[in-house]
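Here is a short report for a reader who is new to this structure. Look at the sequence and the model first, then read on.

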Amino acid sequence: MANVRAEAKLVTLTIDGYEVTVPEGTTVLDAAKAAGIFIPYLCAHPALRPWGACRMCMVEIENARGVPTACNTPVAPNMVVHTNTPQVLDLRRKVMELILTEHPIGCLTCHKRDQCGPQETCLRSVAVDFRCVTCPANYRCELQLNCDYVGLDEMAMPVRVKNIPLRKDPLIALDWNLCIVCGRCVRVCDEVRVQSVYAMIDRAGKTIIDTAEGSPLEEAGCIFCGACVDVCPVGAIEERRNRFAGVADSTTESVCAYCSDGCTFRLEQKRNVLIRVGPVWEAPVNNGQYCVRGRFATAEPLQPQLRLTTPLVRKNGQLVPASWEEALDRVVRELGARRGPCLGVIGSARTTNEASYLLQKLARLVLQTPHLDTPARLADTAGLLGLHQVLGVGASTTLHDAVAAARCLLVVGNDLSTSSPITAMKVLQAVRPQVTVPPNTGYFSYLPDTGVREQPRPTLIVIDPRATELTRYADLWLRPRPGSDRVILGAMLKLVLEEGLASVTASTASIQGVEELRASLAPFTLELAEQLSGVPAEQIAQAARWYATRGPAVSLFGRGLTQQVDGVEAVAALAALAVVTGNLGRPDAGVLFPVAANNTRGAFDLGLLPEFLPGYAPTSSEAARQHLEQLWGGPVAAAGGRTLLDQLAAAQAGEITAMYIVGANPAQSAPAAAARAALERLEFLVVQDLYLTETAKLAHVVLPAASFAEQDGTFTNAERRVQRVRKAVSPPGEARPDWEIIAELGRRLGGGGFDYVHPVEVFEEIAHVSPLHAGMSYDRLDDGPLCWPCLNPEDPGTETLFPDGGVFTLPVLSQPRVRTTSPDYPLLLGSASSPQHFGTGTQTRLVKQFAHFQAEERLELHPTDAAAAGLEDGALATVVTRHGQARARVRLSTALAPGTAAITCVFPESQASTLFGGERAPGAGTPVAKAVPARVEPAR
């Protein structure tokens with residue numbers, strides 16, 4: 001990361017008579033924390049730069065002038081600090097009294113505070129109309145802690161009554177009457193989240209905090225990440241839903257179950273119900289930050305009243321409650337009678353590694369079917385296979401922190417702000433280094449005369465047909481016609497090789513296929529690339545030269561690339577660009593692949609694919625299958641398994657007669673008009689899920705599963721970090737963890753090796769089966785995440801792949817081509833992600849406040865195209881492709897270029913997924929969901 005010394009020197013000082021040794025650059029405040037010595041503070045925070053504004057952390061330092069603030073005073077050798085002298089305590093009481101003039105003190109200075117009930121009048125004065133017991137931050141308030149510590153028991157200064165009306169913003173409740181103007185919310189929004197929604201404003205001679213002109217948060221550009229909620233020391237900024245939920249009974253550290261960033265947070269529970277999530281400031285992935293989904297859509301959708309709590313069995317055409325015994329007996333009877341290739345299995349990209357491993361083991365060993373896949377096929381398999389083709393590994397080669405040290409960033413086909421918000425935050429921090437110091441690094445590395453300077457701003461290149469948050473900061477924005485990214489990447493490769501900017505030659509032993517690639521690039525001229533993509537040739541050339549010469553460079557890509565018809569080749573071309581320019585094998589360079597869901601990486605790693613066994617041994621390898629048979633003690637199903645869409649097609653044709661679906665909703669997510677009809681035709685369908693989804697409603701048996709917050713296990717994020725997931729609450733009703741249900745089915749179906757009593761035993765078997773995980777264990781993961789490959793118990797894990805080089809195979813690109821339109825289908829349509837909703841919206845649609853942002857399917861159109869179709873903003877439109885049609889609400893947007901459109905696929909009633917899927921990406925089976933010819937018309 002930027003601003004971190006390679007080898008920090010240690011400094012020894014004395015604080016209140018205790019000798020403390022800390023790294024050079026540590027503040028006195030943090031040194032005291034490390035020694036267990038409390039110094040009060042209000043403006044300081046571990047996520048923020050030192051500020052020294054509130055003065056609460058004043059200390060005395062021998063041989064130093066005055067009373068410096070501990071939060072922005074760096075330690076020095078042999079420094080002697082006194083934190084609680086009479087002078088310091090007196091000054092703190094005066095400062096606290098001054099601060100409280102901005103806050104309705106109520107009972108902060110009253111010794112009878114704990115004797116009052118919320119329904120009682122003040123025992124001291126009936127004039128007191130605001131009290132701590134009615135404050136949403138009661139017992140979670142830093143003012144209470146500091147007032148008690150400094151011993152302030154009376155106020156001589158008058159309190160300013162603000163009488164500011166309460167705000168009506170969604171998700172976040174703002175009560176500026178409680179604000180003490182500490183500035184934390186302003187600073188975290190600017191320094192860390194790079195949004196600058198809040199500001200300190202002078203009104204009538206008083207400083208207050210608000211948005212510009214007092215506008216609503218949404219109009220001010222708020223992304224509702226909740227960072228301001230987490231840093232507010234009082235009750236001024238709170239979650240609206242659980243504002244008065246009070247103090248949690250206990251907290252449990254776990255990992256978010258939405259996107260693949262893999263954010264660590266604390267689950268707070270009260271009476272066995274999740275009430276909120278909280279930050280873990282020392283988390284290695286996200287440093288206490290997360291997004292709107294992780295912050296506001298974790299606790300509410302997991303409430304028991306919204307969940308499946310008992311097994312359901314279809315009787316007389318209706319799903320009715322049943323016992324586990326009855327449900328499992330029927331599943332065992334029906335699946336047992338159909339073992340073999342007439343049975344299909346679909347797993348999830350959001351369940352734990354343990355569940356994914358056991359599901360593929362059940363399919364291959366017990367059910368003897370090679371047909372198993374995951375909905376990650378729909379978004380990410382082209383990326384997996386494209387990287388694997390070139391690098392031999394279909395995963396990110398470095399960590400997301402690499403963007404802080406890279407000198408060039410190339411983002412292709414990924415609106416990171418909606419798909420991977422924490423990765424987007426790190427990119428934004430990198431391109432705005434003047435206001436950003438990453439948390440938990442040397443605070444003073446940005447100060448003059450310390451021998452360390454902030455690195456210059458990296459060059460940001462964005463290739464995307466749509467304007468995104470990143471395009472606002474891009475040094476170069478290439479805006480191609482949808483579906484032409486491969487042509488641009490091919491032209492960049494050709495220029496790099498022709499101008500001698502490559503760092504490899506044909507004789508380099510570790511790079512294979514250089515001349516074959518060079519020959520295939522002959523048609524990829526800058527002139528043709530400009531003609532096909534619409535991007536000026538000089539911009540393409542400049543992007544290639546910058547990427548090759550301004551390194552180290554990190555490239556990031558997403559579904560804008562992987563869901564194209566040429567997705568596999570496009571990703572392979574991007575990987576080849578990294579190889580030939582030498583941008584691999586370094587911690588500040590590489591390729592980042594932010595997969596869609598929280599455990600897509602884990603599902604791929606552990607063989608929940610027809611192409612690979614656990615650890616990426618190909619299923620076509622007879623030796624790999626025999627090795628697995630020896631470990632499992634039984635025959636393993638042969639190769640030739642069907643992908644998700646192929647399974648649905650086989651079900652429609654009557655070739656697959658039964659399916660076992662765990663944590664997936666293909667009736668809504670599968671981009672095929674016949675998906676629902678295929679599931680309805682099955683003789684037997686068992687669905688295992690948290691909710692009664694559109695797919696579960698078609699099932700013959702529904703098994704209630706536990707959520708990530710209700711079980712132990714592991715997730716693997718997009719960086720290859722394996723992280724511990726921990727149980728915070730008990731499952732509702734009779735719901736059970738996925739791994740437990742699958743193991744029970746394995747035992748009942750007669751399979752050996754399914755006698756697990758805890759997921760730790762499953763993970764031990766994973767470490768035995770998968771070489772990537774051989775050195776991992778729950779004990780090691782409890783100390784922090786590990787990146788695979790981790791080959792033995794002493795291996796610290798591999799954060800950067802190919803540090804010693806590798807064997808790379810450059811691709812051969814097919815002829816350049818682009819998507820075309822016609823008079824009947826004049827637009828190029830793509831699927832769009834929602835900032836709030838995730839996947840099919842099964843969970844996020846349960847968050848009531850999210851309806852404020854999006855309550856129905858959204859179609860984004862350029863105003864020119866909308867006018868041509870006779871549509872206005874907010875009108876209901878029908879979208880038609882050759883594969884299906886859907887209804888959506890029009891939203892005019894100049895972020896899209898004329899001739900293009902984008903639709904979300906969140907609401908099942910719209911049937912938006914049927915617009916795609918009639919075409920597959922060659923070699924991956926991934927449905928094409930970008931640049932699909934379409935037309936729009938007013939809904940009838």
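Are Phe265 and Tyr290 buried or exposed? Both Phe265 and Tyr290 are buried. Buried means under 20% relative accessible area, exposed means over 50%, and partly exposed lies in between (1.4 Å probe, protein chains only).

This is a predicted model, in which local features need pLDDT of at least 70, side-chain atom pairs count only at pLDDT 80 or more, and totals for chains, interfaces and linings use all residues. Residues are numbered from 1 along each chain as its sequence is written, and side-chain values use heavy atoms, with hydrogens and water left out.

**Aromatic contacts**

The structure holds 14 aromatic pairs. Rings of Phe, Tyr and Trp (its six-membered ring) pair if their centres lie within 6.5 Å; planes under 30 degrees apart count as stacked, over 60 as edge-to-face and the rest as tilted. Two of the pairs share Phe265.

| Pair | Centre to centre | Angle between planes | Kind |
|---|---|---|---|
| Phe265 and Tyr290 | 6.2 Å | 70 degrees | edge-to-face |
| Phe265 and Phe708 | 6.4 Å | 45 degrees | tilted |

Phe265 lies in strand E10 (residues 264-270), and Tyr290 lies in the loop between strand E11 (273-279) and helix H6 (292-296), so their pair ties together parts that are 25 residues apart in sequence. Helices (H or I, at least four residues) and strands (E, at least two) are DSSP runs, numbered from the N terminus. Phe708 sits in the loop between strand E24 (701-704) and strand E25 (713-716), so its pair with Phe265 ties together parts that are 443 residues apart in sequence. Phe265 counts as buried at 0% relative accessibility. Phe708 counts as buried at 10%. Elsewhere, Phe224, Phe850 and Phe853 form one aromatic cluster.

Charges also meet rings. The charged end of Lys361 sits over the ring of Phe754, 4.8 Å from its centre. Arg720 lies over the face of Trp788, at 5.6 Å from the ring centre. Such a contact needs NZ of Lys or CZ of Arg within 6 Å of the ring centre and within 35 degrees of the ring normal.

**Covered strands and a covered helix**

Strand E17 (residues 459-463) is mostly covered: five of its five residues are buried. Thr459, Ile461 and Ile463 point one way from E17. Leu460 and Val462 point the other way. In a regular strand the side chains alternate between the two faces of the sheet.

E17 pairs with strand E16 (residues 408-412) in the parallel sense, over five bridges. Two strands pair if DSSP finds at least two bridges between them. Leu409 stands opposite Leu460 in E17. Three bridges join E17 to strand E18 (residues 476-478), again in parallel. There, Ile463 has Leu478 of E18 as its bridge partner.

How many residues of helix H12 (residues 421-431) are buried? The count is 11 of the 11, so H12 is largely enclosed by the rest of the structure. Among them are Pro421, Lys426 and Gln429.

**An open sheet**

Four strands form an open sheet in the order E2-E1-E4-E3, with mixed pairing. Strand E2 (18-23) and strand E3 (60-61) stand at the edges with a single partner strand each, so one side of each is left without a neighbour in the sheet. Two bridges join E3 to strand E4 (residues 80-82), and these strands run antiparallel. Ile61 stands opposite Val81 in E4.
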